[in-house]
Amino acid sequence: MSELEQENKGPRLSVDEVTELDNVDILELCEATRIAILAHEGFNWLTPPPEKTLESFWKGVFIIPERTLIIARMDGQIAGGCQLVQPPKNNEAGAFRGNLETFFLAPWARGHNLAKAMLQKAEDVAREKNCRTLECHMAADQHAAIAICEWIGMTRWGIKERYAMINDKFVPGYYYSKDLD
């Protein structure tokens, strides 16, 4: 586990690539996910699904070889995560890129640079996996996520006016990329 910050008076922070989670981790990840969904952060769900659906969602990440889960912790508790998703093996032409998905941080963990650390870790993992481009997309009203993507040097290359529908209104979405080579 890599420690990001361990000052005498600050919380213990870490961001790691994980290949498995125990039952406590799954429960913490589901709780952080539920909070993020309610805050409209990083998921396509508008209301939290049942507990079993969330558990299956996160457990399913580990059975798909193209997905890498990165977890942020504060004082040992899971506070957020993101996935680096590479194209399936049959997409040889697109094998050079990685896509960031389900990027979120629980509101109680904000203000400690954990979100930036997660994206930096995702970028490092993408380089290790020979990705030459990192991409992501998000709703235009996710201002914190947009700021962090731009902070790590991602460039907005597109806008989709009908990205999501929330409360019967279309919300635009932004598309970002960063060359890693």
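**Exercise 1.** In which hand, left or right, does α1 pass α2?

*Solution.* The structure is a predicted model. Within it, the crossing in which α1 passes α2 is right-handed.

**Exercise 2.** Determine how the axes of α1 and α2 are oriented to each other, and describe the contact.

*Solution.* Step 1: locate the helices. Helix α1 spans residues 23-38 and helix α2 spans residues 51-61. Their axes come within 10 Å and cross at roughly 110°.

Step 1: classify the angle. Values of 65 to 115 degrees count as roughly perpendicular; the two helices, α1 and α2, are therefore roughly perpendicular to each other.

Step 2: list the residues in contact. From α1 come I26, L27, L29, C30, T33 and R34, while α2 supplies E51, L54, E55, W58 and K59.

Step 3: Six are nonpolar, one is polar and four are charged.

**Exercise 3.** Identify the residues and elements that build the largest nonpolar core, and then examine M118.

*Solution.* Step 1: find the members with the most partners. This core has 34 residues, of which F103, L114, M118 and Y176 touch the most other members.

Step 1: assign the core to elements. Those giving two or more residues include the strands β2 (13-18), β3 (67-74) and β5 (97-105), and the helices α3 (114-128) and α4 (143-151). The largest share, eight residues, comes from α3.

Step 2: examine M118. Leaving aside residues up to four places away in sequence, M118 touches V15, I70, A72, G80, G81, C82, F103, F104 and L105.

Step 3: check for another core. A second, separate core has 16 residues, among them L29, C30, A32 and L69.

Terms used: Residues numbered from 1 in each chain as written. Predicted model: local features only at pLDDT ≥ 70, side-chain atom pairs only at ≥ 80, totals over all residues. Heavy atoms only, no water. Axes fitted to C-alpha atoms, helices over the stretch in contact; angles between N-to-C directions. Helix = DSSP H or I, 4+ residues; strand = E, 2+ residues; numbered from the N terminus. Parallel < 35°, antiparallel > 145°, perpendicular 65-115°, else oblique. Left-handed = near helix turned anticlockwise from the far one by under 90°. Contact = heavy atoms within 4.5 Å. Nonpolar A, V, L, I, M, F, W, Y, C, P; charged D, E, K, R; others polar. Core = buried A, V, L, I, M, F, W, Y, C linked by side-chain atoms within 4.5 Å. Buried < 20%, exposed > 50% of the residue type's maximum accessible area, 1.4 Å probe, protein only.
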